[in-house]
Amino acid sequence: LGTFARRADLNLAAMPTSVPVESYASFLNTRAARRKPSPIRALQAVLATAPAGLISLGGGMPNPALFPFSGISVTLRDGTVLSLSEESVRAALQYSPTPGIPELVSRLERVQRGEHSPPGAAGDRMAVMVGTGSQDLLAKAFDTFLDEETPVVIEAPTYSGTLAALEPIGCPLITIPSSTDGTGIDVGAVEELAAAFESGERAGPRPRLIYVIPTAGNPTGATMPLENRRRLYAAARRLGSLIIEDDPYRFLDFGEVVDPADADADAAAAAARSSTPVARTPSLLSMDEDGRVLRFDSFSKLLSAGLRIGTVTGPKELVDALGLHAQASCLHTSGVSQALVLELFRHWGVGDKTPPAEDGSARCMGDMEAHIAEVASFYRSQRDACIEAINKHLRDPGLAELYAVPSGGMFAWIKVPGLADTTALVKERAAAAGVLFVPGSAFVPGGGSAHSAFVRASFSVASHEQLDEAFRRFASAIRDSGSD
């Protein structure tokens, strides 16, 4: 376990240009290399595109006439009723191809090309697979690429679900601290790591993966600027690493960060934000000339967490490797969930056109773009109320500090000075005062031995009044802990 921090004298002169990945065999661990395609699963792709009249005596598919369900319909918030056709219901209730229902996958491919436009050869070999939430796909990726001897670069702090997947593998974790300027992972430290390997200062295996949450990081709320993303990609080239781009909050991007205390952030500007799509920061996938980025997206924050629909996008060889893992575990993601998302996409026109669209736009979001703007506007309002309460009850009295004003997502990362660890404060004092946070140690590698002076606050569900009261109670808990 090693930690790298930025060094002021870092020389960034030698930045390689395109370094295409010619073979992915060296990125697979022993288990993944042994996996073979399932002959029975391969038949699902044949069935999905077979002409009418094909008589299948192949896979052991249950007879749909005996299923107790005969129809599926859902009602949208605007009152629109979406009813699946008889054909769609049959497909939803039956086994389906591992990558996903073919029409849904095709629409998602158009969306990803429109949203990210991966360049050159990497774009030509791009593939998309649907998974049971991005968390499941991430766990499959780690289980496919890593073993006890293959290092991975992660930010500290980072998403606790990622740590839960990585730590049992026993792989060396090279932790990179969050930047001091509130922009996420310290890219300078990653560049220093690359320089250390190049100079021979650091020996041993190079990191196989660099894991990063580029937008509204969990738990910090920080978003990487475009230049930092370019530098991280260049560092990955120097290290010969794949990038795991975990981006579940991309569509909860608030755009330019505005201090809620700024008098210019008036109601008219807020109204305009609610209906105007945000110019989202280009992704790491969008600059992937080499074929070294695997991108993970989630619909949990945008459509429904319970649907458990996520996607992985990247080089076909790597996506196929995750598909082999799925063939041996879950077979495929819930057909009912996929069918509901597909029907919603049809209704909204998501992925209807191949980019660029007739109006010149590269995006293929259809009417979902308006929904994205509404969701982002709501969470920005929640963020503003959260920051106002933090300033009022914690920052101004000098009880706590905010790492950065969250530029998206649903989390605020708060430091309590004078405490080595906030676990006892959260579980005892704060809980007794009637408020709950997650102690920062949950996001730091080290399991039960980890310590952190931070807490994570989620502003997604509580009302503005509840947010104000929650931080008032937390301030009281901090004062009480200081009187011991």
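How exposed is Leu-331, in relative accessible area? Leu-331 is partly exposed, at 30%. Here buried means under 20% relative accessible area, exposed means over 50%, and partly exposed lies in between (1.4 Å probe, protein chains only).

This is a predicted model, in which local features need pLDDT of at least 70, side-chain atom pairs count only at pLDDT 80 or more, and totals for chains, interfaces and linings use all residues. Residues are numbered from 1 along each chain as its sequence is written, and side-chain values use heavy atoms, with hydrogens and water left out.

**Confidence**

pLDDT is the predictor's confidence in each residue, from 0 to 100. The protein chain averages 89, and 89% of the residues score at least 70. Residues 6-15 fall below 50; beyond near neighbours in sequence, this stretch has 18 contacts in the model. A contact means heavy atoms within 4.5 Å. Residues 257-275 also stay under 50, with 20 contacts beyond four places in sequence. Where pLDDT is low, the predicted coordinates should not be read in detail.

Helices (H or I, at least four residues) and strands (E, at least two) are DSSP runs, numbered from the N terminus. Two strands pair if DSSP finds at least two bridges between them. Five bridges join S12 (residues 411-415) to S14 (residues 454-458). Phe-411 stands opposite Ser-458 in S14.

**Helix H3**

Helix H3 (residues 86-93) has the buried residues Ser-88, Val-89 and Ala-92. They cover an arc of only 100° around the axis, which puts them on the same side of H3. That arc is taken from the directions from the helix axis to the C-beta atoms. The buried residues of H3 pack against helix H12 (335-348). Glu-86 and Glu-87 are exposed, on the face turned away from the buried side.

**Backbone details in loops**

Ser-117 and Leu-331 are residues other than glycine with positive phi. Ser-117 is partly exposed, with a relative accessible area of 42%.

| Cis peptide bond | Omega | Loop holding the proline |
|---|---|---|
| Ala-156 to Pro-157 | about 15° | Pro-157: between S5 (152-156) and H7 (160-166) |
| Asn-218 to Pro-219 | near 25° | Pro-219: between S7 (209-212) and H9 (226-239) |

Phi is near 45° for Ser-117, in the loop between H4 (102-116) and H5 (120-124). Phi is near 70° for Leu-331, in the loop between H11 (316-327) and H12.
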